[in-house]
Amino acid sequence: MRKLFRNIACTLTFAMALTPAHAQKSLSELRDVCPAGKSIKVTESLLIQGVVVSDFRSPNMELNPNSSFNDATAYIQQTDGSIGVRLTFTEPAENRLCRYDKIVLDLAGCSITHDKKPDRISISGLSYHNVVSVAAGSPADIPVKSKHISELKDSDIYTYVTLADAEMAFKNGGYTDIYEPYMQYQESI
């Protein structure tokens with residue numbers, strides 16, 4: 001399926017090269033395209049590019065994974081990591097973007113929503129027809145951002161950020177699959 005998806009994307013890239021130049025915007029310029037608190041429908045070709053920081057296989061993509069799971073959602077960020085955007089595909093089968101993929105999307109026919117609080121951008125109504133190109137990437141394609149919780153801003157939403165000096169409590173226990181008080185103390189050997 002992934003090979004088929006990439007072949008379709010390559011065919012679309014070739015077809016796009018034969019058409020006149022299209023408007024290309026950076027992810028941060030989408031704030032100018034759609035004012036805060038508004039939602040617009042894109043009628044003309046509008047190209048954006050970014051790096052995928054999510055994976056369609058992850059059950060922690062949207063809403064509460066214990067009650068529902070939406071694998072039609074993906075997150076991309078600008079190559080410098082300054083801003084991220086949420087993508088919502090029309091069907092889960094349409095979303096086959098893997099982490100670190102470098103993508104170019106044509107937003108024609110999609111909706112852009114720019115929320116005020118928090119200041120974030122979402123794009124909905126995507127299908128595989130909107131994917132112009134996909135190139136496999138690597139972890140080196142995502143800049144390393146480490147911030148303390150007090151330093152987080154709205155522009156960090158949907159981007160890859162490592163939390164520095166953070167501890168989190170888990171309501172239902174830690175990551176271990178044993179009840180730790182039952183473990184006997186054992187010195188390092």
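User: In which strand is Asp-106 found?
Analyst: This is a predicted model, and in it the strand that covers residues 102-106 includes Asp-106. That strand is β6.

User: Is Asp-106 buried or exposed?
Analyst: The relative accessibility of Asp-106 is 11%, and a residue counts as buried when this value is under 20%. Because 11% falls under that cut-off, Asp-106 is classed as buried.

User: The backbone nitrogen of which residue lies 3.1 Å from a polar atom of the side chain of Asp-106?
Analyst: A polar contact requires a pair of N or O atoms within 3.5 Å, and the side chain of Asp-106 has a polar atom 3.1 Å from a backbone nitrogen. That nitrogen belongs to Leu-46.

User: What distance separates the C-alpha atoms of Asp-106 and Val-131?
Analyst: Along the chain, Asp-106 and Val-131 are 25 residues apart.

User: Is Tyr-158 buried or exposed?
Analyst: Tyr-158 is found in the loop between β10 and β11, and its phi is positive, about 70°, although it is not a glycine. Its relative accessible area is 13%, and because buried means under 20%, Tyr-158 is classed as buried.

Methods: Residues numbered from 1 in each chain as written. Predicted model: local features only at pLDDT ≥ 70, side-chain atom pairs only at ≥ 80, totals over all residues. Heavy atoms only, no water. Helix = DSSP H or I, 4+ residues; strand = E, 2+ residues; numbered from the N terminus. Buried < 20%, exposed > 50% of the residue type's maximum accessible area, 1.4 Å probe, protein only. Polar contact = N/O pair within 3.5 Å; in protein donor to acceptor, adjacent residues only side chain to side chain.
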